[in-house]
Amino acid sequence: MKYYLGIDLGGTNTKIGILDEHGSILVKGSVPTHIQEGPEAACRRIADGVNDILAKAGLERSDITKAGLASAGPMDIPGRKLLQTANLGEKWKYCPIADMMSEACGIYVEFANDASAAAFAEYWVGKGKDAKKNVFTPDGAVGTDKPITSMVLLTLGTGIGCGIIINRMVYDGEHSQGGEYGHAIIDTTPNARICGCGRPGHYEAYGSATAVIARTKELIDSGAATSLTARRADLDTIGAKVVAEEAQKGDAAAMQIILDTAKYLAIGIATLMHTIDPDAIYIGGAMTFGGNESELGRTFIQAIRDEVKARALPTCSATTIIDFAKLGGDAGFIGAAGIAKALSE
Ligand SMILES: [Zn+2]
């Protein structure tokens, strides 16, 4: 059995885990990143955490075939360094993080975008694992029993993360920016919403949790009759969950915000389908309105499917699976380890 180490570098905590070659987690842990202390101190602390989980797994450093490090972009994956990373701060700018981590841990580290890593995890051991590819049959129908080979994972949170799998491997583009779909332009009108990146009309400014919160506040401030009004302060602490809770209690305005979000997301998904034509598009992240386990989540995903069907070519909407992702917060380090495995084969 071969073993792989996954590291998911986060702005607050860094998640680490050791996986076997089938993608099962042997042991996992979390280390505070303390970004203000800079990358060298963080790498040392993460290396200590790796030593701890190696001991817990009963493994030696030499038992690890390879490691993967996932980080938020923008980054230079072939150059093995960070670029202007918004979530880590000034001290991390342009630092050769993959080499620093390799040295600190004593294990060669492959570098990956965290959205790509999450997508790879979903493909490897999540929803993509048992998903079947839709193909056209000779009579023009759609069906198959072959496993999928491509997918896109959209993670809905503060922004919209995007990871792309093509031909069983992550696709990062020529400049490591291939997953920046959160900045796709979906509104060209003069008063388009401004994205977190400062530019108008981007996907994130419409379909992220940040966007849901912004639209909800605007609705409340317009004086609309909604139970959300009494919960305005909660939007700053609990976020988009407030909208889900009020929608579940029957507030029509809250439900409309969720359905509008589905519409915006569908616009981007239809464009992804027409551009990449993947086997599947999965929705994950912090804002899934309960996912397939809740009626609200099922309403949300069906609204996305219906809107995609209304906007995309029928050949695309008939063949592309649209569903919720399966994995949660561990997807980053799982995918980082999986990418390391794929690159060592
Ligand atoms: Zn943007």
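In what order do the 5 strands of the open sheet stand? In this predicted model, the order is β3-β2-β1-β4-β7, and the pairing is mixed. The strands β3 (25–32) and β7 (109–113) stand at the edges with a single partner strand each, so one side of each has no neighbour in the sheet. From one strand to the next, the twist averages 20 degrees.

Strands of a sheet pair through backbone hydrogen bonds, either parallel or antiparallel. Here β2 (residues 13–20) and β3 run antiparallel and are joined by 7 bridges, and Gly17 stands opposite Lys28 in β3. Helix α11 (residues 331–343) lies across β1 (3–8), β2, β4 (64–71) and β7, and runs at about 135 degrees to β1.

A further helix, α9 (residues 295–311), has 17 residues, which at 1.5 Å a residue should span 24 Å, and this agrees with its end C-alpha atoms, which are 24 Å apart. Its buried residues are Leu296, Phe300, Ile301, Ile304, Glu307 and Val308. Seen down the axis of α9, these buried residues fall within an arc of 135 degrees, so they line one face of the helix. An α-helix has 3.6 residues a turn, so residues three or four places apart point the same way. The face of α9 turned away from the buried side carries the exposed residues Glu295, Gln302 and Ala310.

The table lists the elements against which the buried residues of α9 pack.

| Element packed against by the buried residues of α9 | Residues |
|---|---|
| α7 | 241–248 |
| α8 | 252–275 |
| β11 | 280–285 |
| α10 | 314–317 |
| β12 | 321–324 |

Conventions
Residues numbered from 1 in each chain as written. Predicted model: local features only at pLDDT ≥ 70, side-chain atom pairs only at ≥ 80, totals over all residues. Helix = DSSP H or I, 4+ residues; strand = E, 2+ residues; numbered from the N terminus. Expected span 1.5 Å × (residues − 1). Buried ≥ 20, exposed ≤ 12 C-beta atoms within 10 Å, placed from the backbone. Arc of directions from axis to C-beta. Contact = placed C-beta atoms within 7 Å. Pairing = 2+ DSSP bridges. Axes fitted to C-alpha atoms, helices over the stretch in contact; angles between N-to-C directions.
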